[in-house]
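Hi everyone, thanks for making time today. Let me put the model up on the screen, and then we can walk through it together.

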Amino acid sequence: MLRLTELKLPLDHPPEALEAAIRARLGLKSEARLAIQVARRGYDARRRGRIAFVYTVDLDTDDEAGLLAAHAGAADLSIAPDTTYRFVAPPPERPLDERPVVVGAGPCGVMAALILAQMGLRPIVLERGRVVRQRTVDTFALWRRGELTPESNVQFGEGGAGTFSDGKLYSQIKDPNHYGRKVLVEFVAAGAPEEILTVSKPHIGTFRLVSMVEHMRGEIERLGGEYRFGTRMDDVVIEEGPDGRRLAGLVLSDGNTLATRHAILALGHSARDSFEMLHARGVAMVAKPFSVGVRIEHPQGWIDRARFGSQAGHPALGAADYKLVHHAANGRSVYSFCMCPGGTVVAATSEPERVVTNGMSQYSRAERNANAGIVVGIDPERDYPGGPLAGIAFQRALESAAFAAGGGDYRAPAQRVGDFLAGRASTSLGAVLPSYKPGVTPADLAACLPDFVVAAIREALPAFGRQLPGFDHEDAVMTGVETRTSSPLRLPRGATLQSVNTAGLYPAGEGAGYAGGILSAGVDGIRVAEAVARSLLTAESAR
Ligand code: FAD
């Protein structure tokens, strides 16, 4: 199989134009056999109004060696990579006595559990929140009526933090083993649209995610795995041995202790109580940088026109996204985060009396507004010194300030960009209606954020407006605060992916500081499941 990249075709090209373009590029005669598989399809939008599709295709043809020789030195033709997933070991001949435990049923935990189940290792999945359908009801209670359920919300419950999201499935991580492909293949098997395997920036939207999560649970259970919902890991039992500290069990919120020597901690970035517990138990942990800021909304039509020019609204392009970065004079980087075309801003707190924003959308991305976090990088040395948990305290202070500024009933403080840039509180909103539910209170977002963050965003918005006309329109609206951009800490792990000071604990995914999104969390889940499988199977063969 050969791979050909950088094949450009107009947005409106007929289907047969693809084969014609490949044959022309390679000088392949019409009688030569050619089977085409699209590996990736994106678009190049650098020139507004002249946007074209860019294909990567895998080709099955008779004289691969001849073609490679004829195009020697061409960077766009190579042997196609083998992206097939291979398990690190065959399943054990008989069920093992020890069952690995996965704490957390977000994308990391679910992919870890699925790999373990597919390897015949019968994982037990502990999830503090509820099954996804019940969780949806609980989450809507906050959005519609301002009623928060602390154990079942946007952050906690089956499916993890990404369930009510745009379901963007791309990542910048290095992935030499093509684990991302395995994640996408499993998502398709669970009901995701097949196009996620080929489009360059796939997304699924929130409705599909809900049923996919249920389907994956069904598959894990069918393979011998077990889920326990409403079951929180409250403590860890650690033994001191000649080789150092080792996990012996987990204390659960139902009062039971689950004996295990292998637990994957896929806790997500909002499990603040669990991090406090792990820190108190001496599990290695360090503070890490993250970002804070606000969420901005514009009518999607403004963004479409700014990005696509005369091609705005073309059905092949869909709703436009954007990615923006600005290096401010105060040394801070400001960037757009988790951009959701045609979506809504959501209330994303997991703690009472706090307000946190994030964004989501449906597969159609057809809501009136585009939204994105506009966030500023912060780091422990400068901004929250004081140990591994100081970032959590920093987040909480901003989230409490936003709760107060919003009126104390889970409405979010909101501000017109014009007022924010002029340094005055908003008293009313303009042409852009915010989508955040249960509602917003016109306010001064500067009161909820550190001065250096406010200064950096004030400088960045006009710079973004020069790149995307209308971005700094006075009526664009911002809500806040955006604080859960990534984990404020990391649980360092060693070569075998166990905690550097506590064997048997496998920190994983976003909360442990090893992922930043659905796809990368799933990839990390696979890596850690493989490490657990190796350890369990090595112990078994040594018996
Ligand atoms: P999580 O998904 O956070 O899962 C952790 C799970 O562990 C939770 O279900 C939690 O209940 C459980 N848990 C925590 N502590 C315990 C305990 N002590 N005992 C038992 N269970 C516990 N990313 C994208 O790539 N694309 C997007 O479009 C996108 N949109 C997002 C929109 C929103 C509203 C939010 C909140 C996030 C979004 N993200 C998106 C980020 C993405 O959701 C996360 O990066 C991803 O979910 C991290 O996966 P994880 O499995 O590591 O952790």
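Helix α1 (residues 16-26) lies across β1, β2 and β3 (52-61), and runs at about 120 degrees to β1. Axes here are lines fitted to C-alpha atoms, for helices over the stretch in contact, with angles from 0 to 180 degrees between N-to-C directions; contact means C-beta atoms, placed from the backbone, within 7 Å. Helices (H or I, at least four residues) and strands (E, at least two) are DSSP runs, numbered from the N terminus.

A word on the source: this is a predicted model, where local features need pLDDT of at least 70, side-chain atom pairs count only at pLDDT 80 or more, and totals for chains, interfaces and linings use all residues. Residues are numbered from 1 along each chain as its sequence is written.

Now the sheet. It is open, with four strands in the order β2-β3-β1-β4 and antiparallel pairing, where pairing takes at least two DSSP bridges between two strands. At the edges sit β2 (34-44) and β4 (77-79), each pairing on one side only. From one strand to the next, the twist averages 30 degrees. β1 (residues 2-10) joins β4 through three antiparallel bridges, and Arg3 stands opposite Ser78 in β4.

On to tyrosine 506. Which residues does it contact, leaving aside neighbours within four places in sequence? They are Ala263, Ile264, Leu265, Leu497, Gln498, Val528, Ala531 and Val532. That's my tour, so over to you, friends!

Key:
Two residues are in contact if their C-beta atoms, placed from the backbone, lie within 7 Å.
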